[in-house]
Amino acid sequence: MAKIVIVGGVAGGATTAARLRRMDEQAEIILFERGEYISYANCGLPYYIGDVITERKQLFVQTPEAFAARFKIDVRIRAEVTDIDLRGKQVTVVNLKTGKSYAESYDKLVLSPGAEPVRPPIPGIDLEGIFTVRNVPDTDRIKEYIEQHKVQRALIVGAGFIGLEMAENLYTRGIFVTIVEMAEQVMTPLDFEMAAEVHQHLKSKNVEFYLNESVTSFESRLGRLVTTLSSGKELRIDLVILGVGVRPESTLARQAGLEIGDRGGIKVDEYLQTSDPDVYALGDAIEFPHPVLAKPATIYLAGPANKQGRIVADNIALGNKRRYNGSIATAIAKVFDLTVASTGLSEKTLRTEGIPFISSITHSASHAGYYPDAQPTSLKIVFGPEDGRLFGAQIVGYGGVDKRIDVIATILGCSGTIYDLQEIEHAYAPPFSSAKDPVNIAGFVAENIIHGLVRIVHWHELSEEELERSFILDVRRPEEVKRGKIEGSVNIPLNSLRSRMKKIPRDKRIIVYCAAGLRAYLACRILSQSGFPEVYNLSGGHKTYAFVTERQANEDIFQGDMIAKDGNIYESEIEQS
Ligand code: FAD
C-alpha cells in the first residue's frame, strides 16, 4: 500500500488528495496543512471582506472533517512540515497546537505550499493595521479591524489583480480608497493603453490613485497610519492592504536540497516531478516553462494549480503518464464595473524579449448594437508578423469579456493564429454577440494588416514631430469631433471623403483615425486605391488615443473636501484628525 504525504491543503494539495483517492482506494494519504482550514476559496476572500459574499461558511469548499470522511484522507490541520529528508524519505512535522514535532515517512511526497505575499522592508511595515491577504485568518483580521476601528480610509499598496479586487471591495463597504502603484500603470500584465482604460474607470469611481509612486515609510500618529510616499507626500490612513506581489513558498524544498529554478520556484519536469523522483510539486510554488516564451515562469493562478493536482495524482497512481503543458497565464478580474482579462504575452514582454510582433487594437460592442445595453469591448492582440501566430490578448470591457478571453486562450494554447480567430464559430443572437464576434473582428483586422491591405500606426508612435510631419485625417462626424480630437487633425467625414479628396496632400504621410478604427480603415482603402502612397490607420482610433492622453493618475482627491462614492462632495473631517 503506497503512502503519500501531501504538504498544503488548499487548491493544489486538496485536489491532488481527492483525485489520488479516486485513483487508489487503498493508498494511505496524509494531508498536512499549516493553517486551520483546507480547501477554501482564496479567490473569494476579497468578496467576503466586501460583504458581497455574506456568509463566512460559503468560503469553505470542504471542512477537514467532511473531506477526511468522504475521501478517507488523514487530514492534519495546524501541522507544519518543517523539514524533508529526501534520503530517508520522511518529513518532520510540527503540531502547531502542541508544539511537538514528529517524523512521518512517505513513498511519494507532494508539495503544494503555495506562494507567500511579499512584505517589503519599509520602515513601519509591521505596525498595526497593515495587512496582506492570503488566507481566511488574514481575512478575519481585516474584517475585524475595519469594524473595530471604524475604518474610513484605506490604502492599497500595489495595483495588481488582488490589489484592485480589494480596492473595489473596500469601496463597496463605503470606505474611501487610495491606491499607490510604483509602475506607470495598474495591472502589469496589461499593456499601457489597456491599463489606461482601467485608470479612467477608476477615476470615474472616485478612487484616489498614485502612479509612479511608492511607499517609503509608515508611522503611527494619533491613532492613524501616516504613509509617506516617494514624492514626500503624506497620506493619513486607517488601514493598509499590501498587494505588492507574491513569491513561491519554496524554502522548505530548497532546504531539502530540491532544485530551485531561476525564478525562485521549485523546478519540476513535464510530469511535475521535482529533482527527486519521489517528490512532486505543483501550484504557485513551482516554476515551469511558459509555452509561448519557452522560458521558466511562475504562475499564481487557481486554474493551473487545480489541473496540476489531477496530473500529479494520476502520475503517482499510474506511473508518469500525464504531461503538463504549462500555463499561458489566462487571468480575469472584475474591477468595479469593468472586466479586465489577459492571456499569453503582452506587447511589453515581447518587446523585452526581442520577439518580432504586430499589435492591433479593436473596439467592438459586446453584442448587437441595435439590441439594448450593448457595451464597449476593447480587445488587443499581439501576433507574429509573418505567420500570424497568436502571442497574447488583453480585453477590457463589460459583458462577454470572459467568454472571449477563454476562446482566445484556447486558440493560443493550441499554438493557433489570427486566422483561427476569424474562423471561430460562436453562438449568436442579438443579446449575446454580433454575427461577427469581437474575436472574429480582431482576426479580420489582423489579417488585413499582415496582408498589407492596411498599414497601422500606434498611439505611442504619434510624437509631436510625427504629428507635425503627417497629415492627420479625422473621418468622424463633426458632432463626434466636438467631444475631442487629435490636435492639428483635419476633419473630413468618411461619407464626403471621395468628393473632398483634393484637400488631402499626396506628398505627406497620412494618418487616418475615427472613433474605433473601422471608418478609418474604409478611408485608408479609399485613399490607397486612389493613389495616396503612405496611408496609415491609427490602431484603436480616437478611443484608445483618448484613454492614453487623459491624465492617468487621480491624485489628491481626498485632500480638504472629499468626493464620496455617491459622487457628492463632503467636507473632510478625516484630514483634520
Ligand atoms: P494555496 O492554495 O495557497 O495552498 C497552499 C497551502 O499550503 C496554504 O494553505 C499553506 O498554509 C500551506 N502550507 C505552506 N507551507 C506549508 C508547510 N510547510 N506545511 C504545511 N502546510 C503548508 N487565482 C485565480 O486564478 N483567480 C482568482 O480570482 C484568484 N484570486 C485570488 C485572491 C486572493 C486573495 C488570493 C490570495 C489568491 C487568489 N488567486 C486567484 C490565486 C490562487 O488562490 C492560487 O493560485 C492557488 O490557491 C494556488 O494553489 P496552491 O495549492 O499552490 O497554494
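This is a predicted model: local features need pLDDT of at least 70, side-chain atom pairs count only at pLDDT 80 or more; totals for chains, interfaces and linings use all residues.
Residues are numbered from 1 along each chain as its sequence is written, and side-chain values use heavy atoms, with hydrogens and water left out.

So what does Glu147 pair with in a salt bridge? The partner is Arg173, with the closest N and O atoms 3.2 Å apart; a salt bridge here is a side-chain nitrogen of Lys or Arg within 4 Å of a carboxyl oxygen of Asp or Glu. Glu147 sits in helix α4 (residues 136-148) and Arg173 in the loop between α5 (161-172) and β11 (176-180), so the pair ties together parts 26 residues apart in sequence. Helices (H or I, at least four residues) and strands (E, at least two) are DSSP runs, numbered from the N terminus. Arg173 is partly exposed too, at 24%.

Next pair: Lys295 and Glu353 meet in a salt bridge at 2.6 Å, N to O. This one links distant parts of the chain, 58 residues apart, with Lys295 in the loop between β20 (286-289) and β21 (296-297) and Glu353 in helix α9 (residues 347-353). Both are partly exposed: Lys295 has a relative accessible area of 39%, and Glu353 comes in at 30%.

Then there's Arg477 with Glu479, at 2.9 Å, N to O. Arg477 is partly exposed at 42%, and Glu479 is partly exposed at 40%. There's also a network of salt bridges linking Asp191, Glu193, Glu347, Arg351 and Lys380. The structure holds 42 salt bridges.

Now the backbone. Most residues other than glycine have a negative phi. Ser39 has a positive one, near 45°, in the loop between β2 (28-33) and α2 (45-49). Is Ser39 buried or exposed? Buried, with a relative accessible area of 12%. Leu222 also has a positive phi, near 50°, and is found in the loop between β13 (215-221) and β14 (224-229). Leu222, though, is exposed, at 80%.

Zooming out, the chain has 16 helices and 33 strands. Of its 577 residues, 54% count as buried. The C-alpha trace spans about 90 × 65 × 40 Å along its principal axes.

Technical notes: Buried means under 20% relative accessible area, exposed over 50%, partly exposed in between (1.4 Å probe, protein chains only).
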